[in-house]
Amino acid sequence: MGEVRLSRDEDRTRGRWSQRGAAYAVWYLRAVTFINVLSAVWVSVGNDIRRHNVDEFFTPYLLTAGFASGVFSLFFAVTMRRRKRAAWILNLVLSGLFLALFALAMVAAPEFRRHGQNWFSFVVTLLFVVSLLVGRKEFYAKGDRSNPKLAAAVALGGLLVTSLLAACLVTVANTASSGHSTFLERWRYGVMRLVSIAADDSRFPGIATPNWVNVVINVMSTVLLLLVLWAAFRSVRSTDPITAEDEEKLRDLLARQGDRDSLGYFALRRDKSVIWSPSGKAAITYRVVGGVSLASADPIGDPEAWPGAIDRWLAEARAHGWTPAVMGAGEEGGTIYARHGLDALELGDEAIVDTEEFTLEGRAMRTVRQAYNRVKRAGYTVRIRRHADIPEPEMDRLLKLADDWRDGETERGFSMALGRLGDPADGRCVMLECTDADGELRALLSFVPWGKQGLSLDLMRRDRDSDNGLMEFMVLELIQRAKEVEITQVSLNFAMFRSVFERGARLGAGPVLRLWRSLLSFFSRWWQIESLYRANAKYRPIWEPRYMLFEKSTDLLRIGIASARAEGFLEAPGLPKWLNRKHLETKR
């Protein structure tokens with residue numbers, strides 16, 4: 001769960017006491033969560049807490065026994081840690097009301113003042129309220145403006161659905177041997193159980209249910225409560241997407257500085273947002289996924305202006321409570337990001353081929369050379385053209401074939417994929433078309449520009465009934481015919497954890513490295529991690545490391561899930577596919 005951090009200047013502005021107050025509030029909620037969950041597991045502790053929360057006793061704010069209360073306080077701890085302003089307001093209102101009630105009881109009723117526990121609960125709750133007031137400036141993260149309406153809709157709709165389900169469950173499981181109950185009474189009984197598992201059922205003589213029914217109903221109420229809280233505290237989903245003016249300015253930066261990063265052109269994806277440096281000479285494109293502000297590759301533009309763009313991107317992430325992360329940053333960009341407080345983790349390496357130095361000769365390339373010659377003897381040929389040189393009817397046909405040959409319904413890719421094909425604005429992209437001996441089109445490759453003399457692999461498609469080795473054959477054709485499109489370097493696929501496979505196979509590799517390599521090889525059965533590395537290694541490329549940047553190691557799981565969703569490997573949980581999938585194909 002990502003914690004929103006502030007810069008050093010912002011830290012000094014807000015003051016140490018403000019930070020300490022916010023930290024106390026968060027740790028208080030964590031402690032309450034631990035005790036609530038422990039009391040649900042440890043029966044004697046739970047009973048003891050319940051005894052100290054009845055009659056003339058009361059316990060500190062949110063301290064009750066049970067999983068439901070533990071989940072509730074945990075949700076508050078997480079949202080407060082992310083500096084959600086709405087969570088601060090709700091906690092202040094609730095704890096303030098509790099404190100006022102405690103104070104009234106202590107003043108008006110002498111029996112409450114006789115117990116030391118009540119004084120302890122009063123002081124602890126008072127400290128929590130004071131910490132909220134002292135640390136109020138630390139809770140600045142904005143929520144979505146539609147949250148109140150969404151939370152109300154979820155509450156009303158969820159209450160109706162869960163109460164009807166509870167009534168049906170009570171009807172089925174009713175074991176009362178005497179008396180008669182109507183459906184309205186069973187519905188009211190279910191609503192009471194939604195509110196409390198210990199609700200008084202003396203008014204319902206015709207209803208008797210097993211304890212597990214009451215527990216199930218109470219669990220439904222807990223789930224409903226979490227959904228309402230999620231709707232109330234969710235972050236702003238995204239900012240404005242890239243406009244036509246933004247895209248024009250980004251293309252201008254790429255025309256002047258595009259040689260720096262092979263992944264720079266992918267910043268033009270239209271499902272991203274953009275943030276500019278104060279000078280306008282640099283920009284960062286990003287997408288918000290699951291509360292993570294996910295940037296990709298290095299910033300665009302003049303490196304001297306990168307810090308200004310990074311500062312603005314981080315400030316926006318903190319203002320909305322997003323977790324900042326960068327996927328696929330290069331060495332230069334990763335260094336600048338690290339100076340702004342982000343930690344780096346090497347993800348893998350990008351395979352880059354120098355077309356002027358590449359050769360198929362020599363013993364080391366024997367296997368590759370034989371595979372290339374085998375496909376060539378089978379009659380396959382490759383046509384290489386810029387997108388702008390392809391007539392519109394032909395491009396429409398290529399788009400249809402690309403859709404038909406796609407593996408799965410979702411268009412995958414984010415940091416190293418453009419997400420569209422055939423757009424008139426992408427005329428400098430290069431298309432490779434592979435046809436068999438009968439002139440039938442069997443495979444496609446599309447590359448985006450990398451500066452003035454380079455290409456980066458964007459899209460790979462082939463007919464599933466075609467011969468193996470077509471992709472390798474097409475890549476080798478492009479490398480050997482590079483002068484036709486006036487290029488000197490080609491960026492191929494990204495090989496995740498390449499160094500692990502390479503070093504782990506060497507003589508003398510340590511047990512940890514060998515274990516890590518074995519684990520990755522096991523997962524390669526589904527995700528093709530090792531096979532992708534092997535496929536790239538056959539070209540004997542230059543390996544350029546790529547990094548993931550993050551603020552805290554505790555953010556890694558959340559960032560990993562957000563990245564998998566952005567790349568198209570995971571769907572957003574709980575939503576229909578048609579709501580998750582974004583059709584980014586823009587046809588000419």
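**Close-up 1. R420 and its salt-bridge partner D426.** At 4% relative accessibility, R420 falls under the 20% cut-off and so counts as buried in this predicted model. Its partner is D426, with the closest N and O atoms 2.8 Å apart. D426 is buried too, at 2%.

**Close-up 2. E433 and R385, a salt bridge between two strands.** Here the side chains meet at 2.8 Å, N to O. E433 sits in β8 (residues 430–435) and R385 in β7 (residues 381–386), so the pair ties together parts that are 48 residues apart in sequence. Both E433 and R385 are buried. The whole structure has 21 salt bridges.

**Close-up 3. K400 and D404 on helix α15.** These two are four residues apart in α15 (residues 392–405), about one turn of the helix. K400 is exposed at 52% relative accessibility, while D404 is partly exposed at 42%.

**Close-up 4. The buried face of helix α13.** G333, G334, I336 and Y337 are the buried residues of α13 (residues 331–339). Down the helix axis they fall within an arc of 160 degrees, so they line one face. Their cover includes β2, β3, α12, β5 and β12. Just after α13, G341 takes a positive phi of about 95 degrees.

**Close-up 5. The largest cavity.** This one has a volume of about 70 Å³, and the structure holds three cavities of 30 Å³ or more. Its lining includes L254, R260, D298 and W306. By class, that lining has four nonpolar, four polar and three charged residues.

Technical notes
Residues are numbered from 1 along each chain as its sequence is written. This is a predicted model: local features need pLDDT of at least 70, side-chain atom pairs count only at pLDDT 80 or more; totals for chains, interfaces and linings use all residues. Side-chain values use heavy atoms; hydrogens and water are left out. On a 1 Å grid over the protein atoms alone, a cavity is a set of points where a 1.4 Å probe fits but cannot get out, and a pocket is an open set with protein on both sides within 12 Å along at least five of seven lines; lining residues have an atom within 4 Å of a point. Grid points are joined across faces, edges and corners, and a volume is the space filled by probe spheres set on the points. Ala, Val, Leu, Ile, Met, Phe, Trp, Tyr, Cys and Pro count as nonpolar, Asp, Glu, Lys and Arg as charged, and the others, Gly among them, as polar. Buried means under 20% relative accessible area, exposed over 50%, partly exposed in between (1.4 Å probe, protein chains only). The arc is that of the directions from the helix axis to the C-beta atoms. Contact means heavy atoms within 4.5 Å. A salt bridge is a side-chain nitrogen of Lys or Arg within 4 Å of a carboxyl oxygen of Asp or Glu.
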